[in-house]
Amino acid sequence: MIISNFINENNNPIKIKIKNKKDTATNYKTKEKFTYTGVSILIQGPNSESENIVTKQEAEELYKCLKQFLNK
């Protein structure tokens with residue numbers, strides 16, 4: 001698990017927590033249900049909270065996209 005606590009550019013306290021999380025999904029072609037270990041990305045602020053559970057491949061692509069976007 002990775003946790004980061006910081007004050008953002010709007011002077012709000014923010015917490016980001018990333019961890020493995022078991023989840024279930026359905027194959028859209030076969031309709032077969034299965035379980036997998038995904039990546040939970042939780043972002044908490046003083047007035048909001050957001051959690052996304054993505055596959056490891058999706059997390060890797062998100063990481064690459066964010067690196068490219070933020071390096072411009």
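The following legends describe close-up views of a predicted model.

**View 1. Strands S1 and S2 and the hairpin that joins them.**
Strand S1, residues 2-7, runs antiparallel to S2, and 6 bridges join the two. Within this pairing, Asn5 stands opposite Lys15 in S2. The hairpin of S1 and S2 has 5 residues between the strands. In this hairpin, Asn11 takes a positive phi near 70 degrees.

**View 2. The pairing of strands S2 and S3.**
S2 and S3 run antiparallel and are joined by 12 bridges.

**View 3. The pairing of strands S3 and S4.**
S3 and S4 also form a hairpin, here with 4 residues between the strands. Their pairing is antiparallel and extends over 6 bridges. Leu42 has Glu51 in S4 as its bridge partner.

Side chains of opposite charge can pair when their charged atoms come close. Because Glu51 lies in strand S4 and Lys21 in strand S2, the pair ties together parts that are 30 residues apart in sequence. Glu51 has a relative accessible area of 41% and is therefore partly exposed. Lys21, with a relative accessible area of 30%, is likewise partly exposed.

**View 4. The salt bridge between Lys64 and Glu61.**
Lys64 forms a salt bridge with Glu61, and the closest N and O atoms of the pair are 3.0 Å apart. Both residues belong to helix H1; because they are 3 residues apart there, about one helical turn separates them. Lys64 has a relative accessibility of 48% and so counts as partly exposed. For Glu61 the relative accessibility is 37%, which places this residue in the partly exposed class.

**View 5. Glu60 in helix H1.**
Helix H1 comprises residues 56-70, and Glu60 is found within this helix. Glu60 counts as exposed because its relative accessibility is 53%, the cut-off for this class being over 50%. Along the chain, Glu60 and Leu42 are 18 residues apart, and their C-alpha atoms are separated by 16 Å. Leu42 is the residue whose bridge partner in S4 is Glu51.

**View 6. The aromatic pair of Phe34 and Tyr36.**
A pair of aromatic rings is described by the distance of the centres and the angle of the planes. The count for this structure comes to 1 aromatic pair. The rings of Phe34 and Tyr36 have centres 6.1 Å apart and planes at 45 degrees, so the pair is tilted. Planes under 30 degrees apart would count as stacked, and those over 60 as edge-to-face. Phe34 is partly exposed, its relative accessibility being 38%.

**View 7. The largest pocket and its lining.**
The largest pocket holds about 360 Å³ of space. Its lining is made up of 13 residues, and those nearest the centre of the pocket are Ile16, Ile18, Ile41, Leu62 and Leu66. Two or more residues of the lining come from each of strand S2 (13-26), strand S3 (33-44), strand S4 (49-54) and H1. H1 gives the most, with 5 residues. By residue class, the lining of the largest pocket contains 9 nonpolar, 3 polar and 1 charged.

**View 8. Asp23 in strand S2.**
Asp23 has its place in strand S2. With a relative accessible area of 24%, Asp23 is partly exposed, since buried means under 20% and exposed over 50%. The C-alpha atoms of Asp23 and Val39 are separated by 9.3 Å, and the two residues are 16 residues apart along the chain.

How values were computed:
Residues numbered from 1 in each chain as written. Predicted model: local features only at pLDDT ≥ 70, side-chain atom pairs only at ≥ 80, totals over all residues. Heavy atoms only, no water. Phe/Tyr/Trp six-rings, centres within 6.5 Å; stacked < 30°, edge-to-face > 60°. Buried < 20%, exposed > 50% of the residue type's maximum accessible area, 1.4 Å probe, protein only. 1 Å grid on protein atoms, 1.4 Å probe; cavity = no way out; pocket = protein on both sides within 12 Å on 5 of 7 lines; lining within 4 Å. Points joined across faces, edges and corners; volume = space filled by probe spheres on them. Nonpolar A, V, L, I, M, F, W, Y, C, P; charged D, E, K, R; others polar. Salt bridge = Lys/Arg side-chain N within 4 Å of Asp/Glu carboxyl O. Pairing = 2+ DSSP bridges.
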